[in-house]
Amino acid sequence: MGCGVSKSSQFNRNSRKAVTTIRAAILIQRWYRQYVARTEMRRRYTWHIFQSIEYSGEQAQIKLYNFLGYLMDNFTPSSSERNLISHIFREHEVCLDAEWERYFCYKNIEVPEVYSGPHLTFPLTVEQAVGLLEAFRNKKQLHSRYVLQLLLETWKLLRMFPNINRISTCQSKEITICGDLHGQLEDLLLIFYKNGVPSLERPYVFNGDFVDRGKDSIEILLILFSFLLVYPCDVYLNRGNHEDHLINLRYGFTKEVLTKYKIHGKRILKLLQKIFSWLPLATVIDQKVLVLHGGISDTTDLSVLPRVDRHNYISALRPPKKRNNSSAGVSVDTDTEDYVWNNSRIYQRRASFSCPKPLGPRDCFQNRSLQDFSGRIKVKMEDELERSRRRESLFQTAVNRSEKDLLSTSTSTDSISSDNAKEEWRLILDLLWSDPMNQDGCVPNEVRGGGCYWGPDVTEDFLSRHNMQLIIRSHECKQEGYEFCHNRKVLTLFSASNYYDVGSNRGAYVKLGPDLVPYVIQYQATSLTRELTARQSIGRTERSALKVLREQLFAHKSDLICAFKKFDPGNTGFLSLNNWASAVESVMHLNLPWRTLFSQLVSKSNNGMVDYHDWFNELAIKGTNTDHIEQSLLETLYRHRSTVETIFRIVDTDNSGFITVEDFRKTWKLLSVYLKMEITDEDISNLAVTIDSNHDGSIDIDEFMEAFRLTDKKSRLERGRSMFMVTTSDLTKMEGDPNV
Amino acid sequence: MAPKKKEEPKPAAPAAPKPPEPERPKTPEFDPSSVTLEFTPEQIEDFKDAFQLFDRTPTNEMKITYGQCGDLIRALGQNPTNAEIMHVLGKPKPEDMQNKMLDFDQFLPIHQHICKAKNRGTFEDFVEGLRVFDKEGNGTVMGAELRHVLATLGEKMREDEVEQLMQNQEDANGCINYEAFVKYIMAS
C-alpha cells in the first residue's frame with residue numbers, strides 16, 4: 001500500500017535525519033569540550049603567573065625588612081642613616097597611655113559645615129553603623145575627627161579581648177565567617193547584602209587581611225570596627241599578615257590613608273598600628289573549629305597562645321634570629337645578609353643597641369642593665385647580632401614586667417627569656433603566614449618568606465591534640481573562593497573576588513551552625529563581570545597576567561641576555577624554543593610553563609628559533625622619558641620598583657608623601673647596598689632630574705615612582721584567537737570529569 | 001500491505017563512519033603497548049609542560065588522574081568524544097576517574113592513539129549537521145532547538161554547559177546563523 005511504503009521511506013528519511021542530527025550533536029559536543037579544556041589550561045597558567053609574582057613580592061618585603069633590621073643593629077645611634085629608618089623599629093615605645101591619648105586626640109579637629117559625610121556620636125548605635133555602610137556605598141569619606149574617635153574606641157575595646165576569641169553556636173545561631181577582603185568594598189557590601197549585616201542574631205567572624213591592594217581598605221576597617229563596637233559579642237576579628245604596617249608600606253594601605261587623609265593620616269596610621277597589634281590572633285567555635293588567618297605548624301600549641309602579649313608584635317616581621325636552616329618556621333634571609341656581612345666596609349661593627357632610649361621612668365634602669373651586657377660583648381659578628389637581638393627581646397618583655405622581676409631574671413634567665421621570645425615570635429608568624437601543603441611534614445615557607453608549609457599529618461596531630469575537628473583559614477586566593485584540603489579538615493576561605501583581575505576568581509563566605517558543618521556561599525562582585533561576556537572574561541585576566549609577566553621579563557633584560565648567550569656560544573643571536581625556556585626559567589625562577597606561554601610571549605620565530613635580541617624590542621615596554629639614566633640602573637629600578645617605593649615611604653618619617661633631597665641621596669646610598677649596585681652621585685642627580693619637583697628641596701614620592709611606571713606600547717593579545725574564547729564565571733572544575 | 005519494519009537504529013551506534021563513534025562491545029580493548037609513538041622531542045616537551053599544569057600531586061610527581069586525562073588531551077588540541085577517552089583508558093569505573101593515576105609515560109600512547117584518529121570533523125561536517133535543523137533553509141537554526149539537541153542527544157551536555165556555549169549567539173528572534181556559529185566554535 002502506498003501509505004505503508006511512504007511510511008517506510010519516511011521512516012528511513014527520519015532515521016537518516018536522526019543519525020545526522022546525532023552526529024552533528026556529537027561533533028559540537030566534542031569541540032565544546034575541547035574548548036573548555038583549553039580554557040582551563042589558560043586559566044591555570046594565568047593563575048600561576050599572578051600567584052608567583054604575588055608571593056615573590058611578599059618574600060621581597062620580608063627580605064627588605066630583614067636587611068633593614070640588620071642595619072639597625074649595626075649602626076651607632078647617631079648615624080644619620082639609622083635615623084632614616086629607626087622609627088619603623090620603634091616597637092617598644094614606653095609611652096604612657098595618657099600620652100598616647102593626647103597624641104590621638106581628635107577633639108580639636110573641627111568638622112567643617114560643608115562636610116557631607118556621616119556624623120558619628122558615641123556610643124555608636126546600629127543605625128549609625130548601617131548609616132556608615134550606606135555612606136561608603138555612596139562614596140562618601142568619613143571625616144578624620146570621627147575616624148580617630150572611632151579608632152580610639154576600637155583600641156580601647158580590643159585591649160580587653162583575649163588572644164583567642166571563643167564563641168559558641170548555642171541558641172541555634174549560625175556564625176558567618178569571611179576570609180580576606182583586601183580593601184575590596186564591593187565584596188563586603190555584597191556579603192552584607194546577601195547575608196545581612198552583623199547583629200545579635202547574626203554573628204560574624206572576619207579572618208584577617210582587611211587591608212592592602214584594594215582601594216577601600218580604610219572604609220572596610222571603619223565598617224568592621226563600627227559593627228564591632230555595636231556588637232562586641234557578635235563580631236570577631238582575627239589578625240591577618242596584612243594587619244602590619246610594614247606590609248602596608250608596600251601593598252598600598254599606607255598610601256591610601258595618606259592620600260585620603262592628608263592632614264591627619266599619620267596619626268591615623270599610628271593608631272592603626274596599635275589596633276592591629278591588639279587584634280586577636282584566632283577564634284575558636286564551640287571548642288571544635290579553629291578560625292585563623294594563616295595556619296599552623298608542628299609546634300603550634302593553643303595552650304601557649306593565651307599567655308603571649310600579642311600587642312608587643314606590632315609587626316610580625318621581627319628580625320630573624322641567628323640563621324638556622326633546620327628549624328621550621330624561622331624566616332631566613334640569605335643573600336642580602338651574606339652580602340652585607342661580607343662587605344662590611346661601610347658598616348663597621350659597633351657595640352650598638354638596637355633600641356633607642358625609651359621615655360619614662362624606666363629609662364635609667366634600662367641603661368644600667370644594658371650596660372651590664374655591654375662589657376661582655378664579643379668580637380664575632382654573629383654573636384653580636386645575636387646579643388643585640390636578645391637585648392631587644394629582653395627589653396621587650398621587660399616593658400611589661402616589674403623592675404624587680406627583671407633584676408632577678410636578667411642574668412640567670414637571659415637565655416630563657418630570649419628563647420621564650422623566639423618561640424612566641426615563631427608562634428605568631430606561623431599563625432599569620434603559613435600555608436597548607438599536600439605532603440606530610442612541616443617545612444619553612446620560603447616562597448612567602450615567613451611561616452611554614454604544613455602537611456596533613458600536622459593537621460591530624462593538631463586536631464587530635466586539641467580535640468578539634470576543623471581548621472578554617474584564609475591567606476591564599478582560591479579560584480572558587482574556597483578550597484578544602486587535608487581530607488576536608490582544612491578549609492581555605494577567600495572573600496575578595498576578582499582579586500588578581502576582573503573575572504579571576506570568586507569570593508566565598510561560610511555559614512556554620514551548631515552541627516559545625518561548613519556551608520559555603522560563593523559570589524563574584526562587580527557588575528562589570530556580568531556585563532563581560534564569558535568570552536571576554538578569561539581573555540582579560542590572561543592579558544593582564546601576561547602584561548605583568550612581560551614587565552618582569554623586561555626588568556630582567558640583562559640577566560636574560562646573559563643566560564641566552566650561555567645557550568648560544570656561537571653568538572648567532574638565535575635560540576631554540578627549548579633553550580629559550582630553560583634560560584628564562586633560570587633567571588626568573590617563577591616555575592611557570594614557559595613553553596606553553598611561548599606563543600603568547602614571542603610572536604616571531606623562524607623555524608622554532610627565537611631571535612632573542614629582537615624579542616626585547618618586541619616586548620615593547622617603555623618607561624617615560626628616562627633616556628638620561630644609565631641602562632643598568634634603570635633596569636634595577638624597574639625590577640625593584642616596589643622595594644624602592646617602600647624604602648621611600650619608610651624614609652618619609654612624617655608620612656607627608658615628600659622627602660627632602662638630602663634624604664633622597666641618603667636613601668640611594670642605602671639602596672645601593674641592598675640592591676647590590678653601584679650608584680654614583682651623578683647617577684643620583686640624573687634621577688633627581690627625572691622628577692618634576694615643584695617644591696624646593698623636596699621630592700614627591702608618587703611623582704618619582706610615576707616616572708618609572710612601565711607602559712605596554714602595543715596591546716599584544718588583540719588577536720582573533722583570544723577574542724573567541726568563551727567561558728563563564730560558572731565554569732566548573734575539570735577534575736571530577738563531569739562528562740562521565 | 002504490512003509495512004516492512006526496519007530495525008530502528010540505536011542513537012548511539014549509527015552505521016556512518018565519519019565522526020568517531022563510541023566503540024561497540026565487541027571491539028578489543030585498547031593496548032597501549034601496541035601504539036608506536038611518533039611524536040617529535042619538541043612535541044613531547046610541549047606535552048610535558050601541559051602535563052605539569054594539570055599535575056596536582058603534592059610533590060609534582062608528574063601524575064594526573066584518569067578524570068583529567070580527557071581534559072589534557074583536549075587542551076593539547078584534540079577533540080575526542082568521551083567514549084573514545086573511556087576506551088583508551090580501558091573503560092574505567094566511575095570511582096577510578098578520581099582515584100587512578102596516570103604518569104607521563106602512560107599518557108603518551110593514549111595521546112598518540114587519539115592523535116592518530118583522523119576524524120576531527122571538518123567545517124562541512126558541522127554545517128551539514130546543523131543544516132538538519134534549518135527548517136526554512138535560510139542559514140539559521142532555532143537556538144532553542146539546538147540547545148535541546150545538545151542537552152538530550154549524543155554525549156549530552158549539561159544545561160550550564162549549553163548555556164556557556166550558546167551565550168550571545170542568538171539574535172533577537174532566538175535564531176543562530178550556523179555557519180558563523182561553526183566558525184566560532186572551530187576558532188578555538
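## Aromatic rings

In this predicted model, one aromatic cluster is formed by Phe564(A), Trp580(A), Trp594(A), Phe598(A), Tyr612(A) and Trp615(A). Over all chains, the count of aromatic pairs comes to 21. One of these pairs joins Tyr482(A) and Phe484(A) in an edge-to-face arrangement, with 6.2 Å from centre to centre and 85° between the planes.

The rings of Tyr509(A) and Tyr523(A) are described as tilted, because their planes stand at 35° while their centres are 6.1 Å apart. Since Tyr509(A) belongs to strand 13 of chain A and Tyr523(A) to strand 14 of chain A, this pair ties together parts that are 14 residues apart in sequence. Both Tyr509(A) and Tyr523(A) are buried.

## Charges over rings

Arg488(A) lies over the face of Phe484(A), at 3.8 Å from the ring centre. Another such arrangement involves two chains, for the charged end of Arg44(A) sits over the ring of Phe54(B), 4.8 Å from its centre.

## Nonpolar cores

The largest nonpolar core holds 70 residues, and those that touch the most other members are Leu549(A), Leu553(A), Phe564(A), Trp580(A), Trp594(A), Leu597(A) and Leu601(A). If neighbours within four places in sequence are left aside, Leu549(A) is in contact with Ile49(A), Ile53(A), Leu590(A), Leu592(A), Trp594(A), Leu597(A) and Leu601(A).

## A strand covered on both faces

In a regular strand, side chains alternate between the two faces of the sheet. Strand 10 of chain A, residues 470–473, is covered on both faces: Leu470(A) and Ile472(A) are buried on one side, and Ile471(A) and Arg473(A) are buried on the other.

Strand 10 of chain A runs parallel to strand 6 of chain A (residues 289–291), to which 3 bridges join it, and Leu290(A) stands opposite Ile471(A). Strand 10 also pairs in the parallel sense with strand 12 of chain A (residues 490–493), again over 3 bridges, and here Arg473(A) stands opposite Thr492(A).

Helix 6 of chain A spans residues 185–195, and its buried residues are Leu185(A), Asp187(A), Leu188(A), Leu189(A), Ile191(A), Phe192(A) and Asn195(A). The elements covering these buried residues include helix 4 (126–137), helix 7 (217–230), strand 2 (175–178), strand 3 (204–206), strand 13 (507–512) and strand 14 (518–523) of chain A. Just after helix 6 of chain A, Gly196(A) takes a positive phi of about 95°.

Key: Residues numbered from 1 in each chain as written. Chains lettered and ligands numbered in written order. Predicted model: local features only at pLDDT ≥ 70, side-chain atom pairs only at ≥ 80, totals over all residues. Heavy atoms only, no water. Core = buried A, V, L, I, M, F, W, Y, C linked by side-chain atoms within 4.5 Å. Buried < 20%, exposed > 50% of the residue type's maximum accessible area, 1.4 Å probe, protein only. Contact = heavy atoms within 4.5 Å. Helix = DSSP H or I, 4+ residues; strand = E, 2+ residues; numbered from the N terminus. Pairing = 2+ DSSP bridges. Phe/Tyr/Trp six-rings, centres within 6.5 Å; stacked < 30°, edge-to-face > 60°. Lys NZ or Arg CZ within 6 Å of the ring centre and 35° of its normal.
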